[in-house]
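This report goes through a protein model by topic. Please have the sequence and the coordinates open while reading.

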Amino acid sequence: MEKIIYGKTEGIKKNILDRLESLYDMTVEQGRLISEELALLLRDLSAAIGREVSIYVDRRGRIVNVSVGSDSNVSLPDSGVRRSQWRLSGITCIHTHPSGAARLSGVDISALKALRFDAMAALAWPSPDAPPLLAFGLITDFSEDQKPLVQEFGPFTAREAAGLPFGNILAAVERILTKKTHNHRTEEGRERAMLAALSWGDSKSRWTAEDSIDELAELAKTAGAEVVGRFIQARPKPDPVFFIGRGKVQEMSLFAQQEQVDLCIFDDELSPAQQRNLEQALGVRIVDRTGLILDIFAQRARTSEGKLQVELAQLKYQLPRLMGQGLSLSRLGGGIGTRGPGETKLEVDRRRTRDRIALLEEQIEKVKQTRKTQQRSRTRNEIPQVCLVGYTNAGKSSLLNRLTGSDVYTQDQLFATLDPTTRQLVLPNKERCTLTDTVGFIQRLPHQLVAAFKSTLEIVRDADLLLHVVDCSCELYPEQELAVYAVLHELGVENKRILTVYNKIDKLPEHAALPACRNGEDSAAVSARTGEGIPLLLARIAELLNAGKIELTLLIPYTDTKTAASLHQQATVLSETYEEKGVRMRVRLEQPRAAALQHYIIDDR
């Protein structure tokens, strides 16, 4: 690091300048405000030049800036580290008062508020050989109009100041400030976010890092963030420490300071260590793609089951990211055999999280058993089941509304609906089936979500037919199709009968891009918005559901009304008339069942 002494350095002797530069080589123990050695050195240097000296210390204890003022005040330049008006800067300013008291001046307090320092400390001494005294101020609260309020502590002797648990004090203050400002930020407006993606490897897929970050921007918008910047870094492989590399992190850090960014969203899943390193380097909250999607699901969940599943996925995601401070947060036991470090807070958090995960899994299993009971009832009544699957925002809910006349919530955004919805669908051949809308899929859908939602997605396994809805107006719809098939493979249903429905054809000029899907045997082209292609789709659904079924005309005598009643449950009754010798029924049913009805079949030609 370049050793520059800022401020009024005119007339200072070379040996003193060298001693000032040597301050850059000193460090403060992490979690401490100052060391006694550093306090004495600042006193001696300030007394030698008769001017105030200030140093800026980051949270790792490194001195990142040294400045010299006049005989009555110190220059307090904007060190360029402020992240946002709602977050502390991560920098502590310590400066001397050679001709004053160890109290903060009005200028000191103004600088603390304006630059959002972690702390502003003033060092003074009554006589040249007297031990220095130190007082410091912190932003501890916000007024009703969201102006920072400062509380001053001290003065302390240099030895007392060096022993203060400054890191713990600062952490407690930040927790208070976070709670105070959260509600205000929610009311004020959306969080300002910058996005980061990594282009690595030599993949030949059309789905590029640019396409992926575009989708990430839509996810951020859905979550309620305002995207103010995008960064894409090309590397042969991810950096194990900072994921996108140290150089790009420095560039993003400057951008975050200038644009008052609140959080940075990464387009890949980060390891817990990478997330911690990036948060320290950038000074803003770090959210990866998995965390963002989990947050959206948490917003969208409406049913009790959906909330259980989202919470389970979030806990499994957070479990390896729990952090503690080792033995400093231990619980001391009492009594023989219980003394010692006991159980650390980190271990308590992990144990409670695992207990909660076990409880949620038990509750979800009960819901799963209830659904199986309902499923057996549908199977017993021979009701065909059709499921809508597809990429998020492909138009599944809109298609459900168009086919069944429902009013399920729809919106042009990712994951607009989360909880499954089932409606009855009447087909052109008078048959009835259930049509279920399921959660949308996406590129790199978090495995925690797939695992948590498996009980819900089991309805896909039990379906007689899957309607794979594709947004054919999207240039990358083939890649989206592959992403859906990847999830279906994970669910073990990739070999089930699938009818591909190319939706949003009204957005294509004269449908020029659809010759392939129109000619496909198991595909249909529709517009859920305008209704175009819906009659053909309904006919195709009926055709596929009735594959392997035959139509028969039966004459069932009145002495066997039990058989006639069972046909209403086991087959589709197309017509029914009562004649002299019995009930004439025209039915559609599975071919193997026709064998048991051979003696009732009549020729109605």
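## Aromatic pairs

Phe153 has a relative accessibility of 24% and therefore counts as partly exposed. The model is a predicted one, and 7 aromatic pairs are counted in it. In one of them, the ring centres of Phe136 and Phe153 are 5.3 Å apart with the planes at 25 degrees, so this pair is stacked. Phe136 belongs to strand β6 (residues 133–142) and Phe153 to strand β7 (residues 148–157), so the pair ties together parts 17 residues apart in sequence. Phe136 itself is at 2% relative accessibility and so counts as buried.

The rings of Phe136 and Phe156 also make a stacked pair, because their centres are 6.1 Å apart and their planes stand at 25 degrees. This pair again links distant parts of the chain, with Phe136 in strand β6 and Phe156 in strand β7, 20 residues apart. Phe156 counts as partly exposed, at 22% relative accessibility.

## Salt bridges

Side chains of opposite charge can pair when their charged atoms come close. The count for this model is 21 salt bridges. One of them is formed by the side chains of Asp25 and Lys3, at 2.9 Å from N to O. Asp25 sits in the loop between α1 (14–21) and α2 (36–49), while Lys3 is in the segment before β1 (5–7); the pair links distant parts of the chain, 22 residues apart. How accessible are the two partners? Asp25 is exposed, with a relative accessible area of 53%, and Lys3 counts as partly exposed at 37% relative accessibility.

Asp44 forms a salt bridge with Arg43, and the closest N and O atoms of the pair are 3.1 Å apart. Here Asp44 is partly exposed, with a relative accessible area of 33%, whereas Arg43 is buried, with a relative accessible area of 11%. In another salt bridge, between Glu251 and Lys248, the closest N and O atoms are 3.4 Å apart. An α-helix has 3.6 residues a turn, so residues three or four places apart point the same way. Glu251 and Lys248 both lie in helix α7 (residues 246–259), 3 residues apart, about one turn of the helix. Glu251 counts as partly exposed at 39% relative accessibility, and Lys248 counts as buried at 14%. Salt bridges with shared partners also join Glu215, Asp267 and Arg289 into one network.

## Helix α9

The buried residues are Arg289, Thr290, Gly291, Leu292, Ile293, Leu294, Ile296, Phe297 and Arg300. Arg289 is one of the residues in the salt-bridge network described above.

In soluble globular proteins, nonpolar side chains tend to be buried together. The largest nonpolar core of this model has 50 residues, and those with the most contacts inside it are Leu20, Leu23, Leu38, Leu42, Ile55 and Leu134. Helix α2 gives the most to this core, with 6 residues.

Leaving aside residues up to four places away in sequence, Leu20 touches Ile5, Leu45, Val53, Val66 and Val68. A second, separate core has 37 residues, including Ile293, Cys387, Phe441 and Leu445. Ile293 is also among the buried residues of α9.

## Confidence

The protein chain has an average pLDDT of 79, and 82% of the residues score at least 70. Which elements mark the lowest and the highest mean pLDDT? Helix α16 (residues 515–519) has the lowest, at 46, and strand β5 (residues 119–124) the highest, at 92.

Over residues 71–83 pLDDT stays under 50, and the model has 50 contacts beyond four places in sequence for this stretch. Residues 324–340 also stay under 50 in pLDDT, with 20 contacts beyond four places in sequence. Where pLDDT is low, the predicted coordinates should not be read in detail.

Notes:
Residues numbered from 1 in each chain as written. Predicted model: local features only at pLDDT ≥ 70, side-chain atom pairs only at ≥ 80, totals over all residues. Heavy atoms only, no water. Buried < 20%, exposed > 50% of the residue type's maximum accessible area, 1.4 Å probe, protein only. Helix = DSSP H or I, 4+ residues; strand = E, 2+ residues; numbered from the N terminus. Phe/Tyr/Trp six-rings, centres within 6.5 Å; stacked < 30°, edge-to-face > 60°. Salt bridge = Lys/Arg side-chain N within 4 Å of Asp/Glu carboxyl O. pLDDT = per-residue confidence, 0-100. Contact = heavy atoms within 4.5 Å. Core = buried A, V, L, I, M, F, W, Y, C linked by side-chain atoms within 4.5 Å.
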